[in-house]
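Below is a short briefing on one predicted model. Please read it alongside the sequence and coordinates.

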Amino acid sequence: MRLVCSALLFTSLTILTGCDPLSLTALGVGAGAGVNHTMSGYTYHTFSEPLPRVKQAALMALNRMSIKVESTEKNGIFETINAKSSGRSIELELEVISPKVTRLRSVARKNAFVMDSATAEEVIAQTQRALKG
């Protein structure tokens, strides 16, 4: 009986490993649905909201995450928020696309060579949450 169970387990695991690429692809597609684009540690999301509202939501998100804002700068159609937490520097860049559309770029750096995409994505997710309510 033990030999039969072992054989069944081995056969099942061997057959099911072929489905793994499908499940990983589906997981990747589902996980990326909330954030528009991530490239080299930079995460982007476009909001159908004016810049002042997105900026306020981003500041609320950083506060909720206990990330300290160090400075804010305005440069033409861009506003930049610089923050720090746990050895990471976080930069949020807000860009006016139109009076009612704003693109947010989030990047979290551990050092000059290491980016933290998960934190950058979470800042955007928390900004979305703050905008909803």
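**Contacts, core and salt bridges**

Beyond its neighbours within four places in sequence, Leu-104 is in contact (heavy atoms within 4.5 Å) with Thr-43, Tyr-44, His-45, Phe-47, Leu-92, Glu-93, Leu-94, Ile-124 and Thr-127. The model is predicted: local features need pLDDT of at least 70 and side-chain atom pairs count only at pLDDT 80 or more, while totals for chains, interfaces and linings use all residues. Residues are numbered from 1 along each chain as its sequence is written, and side-chain values use heavy atoms, with hydrogens and water left out.

**Nonpolar core**

- A nonpolar core is a set of buried Ala, Val, Leu, Ile, Met, Phe, Trp, Tyr and Cys residues joined through side-chain atoms within 4.5 Å; buried means under 20% relative accessible area, exposed over 50%, and partly exposed in between (1.4 Å probe, protein chains only).
- The largest such core has 18 residues, and Leu-104 is among those with the most contacts inside it, together with Phe-47, Leu-62, Ile-81, Ile-90, Leu-92 and Leu-94.
- Two or more residues each come from H3, E4, E5, E6 and H4 (DSSP runs numbered from the N terminus: helices H or I of at least four residues, strands E of at least two).
- H3 gives the largest share of this core, five residues.

**Helix H3**

- The 14 residues of H3 (51-64) should span 20 Å at 1.5 Å a residue, and the end C-alpha atoms are 20 Å apart, which agrees; the expected span is 1.5 Å times one less than the number of residues.
- Leu-51, Val-54, Ala-57, Ala-58, Ala-61 and Leu-62 are buried in H3.
- These buried residues fall within an arc of 140° seen down the axis, so they line one face of the helix; the arc is taken from the directions from the helix axis to the C-beta atoms.
- Pro-52 and Asn-63, on the other side of H3, are exposed.
- Strands E2 (42-47) and E3 (68-75) are among the elements that cover the buried residues.

**Salt bridges**

- There are five salt bridges, each a side-chain nitrogen of Lys or Arg within 4 Å of a carboxyl oxygen of Asp or Glu.
- Glu-79 pairs with Lys-55 in a salt bridge, with the closest N and O atoms 2.8 Å apart.
- Glu-79 lies in strand E4 and Lys-55 in helix H3, so this pair ties together parts 24 residues apart in sequence.
- Arg-105 and Glu-91 form a salt bridge at 2.2 Å, N to O.
- Arg-105 is buried, with a relative accessible area of 14%, whereas Glu-91 is partly exposed at 21%.
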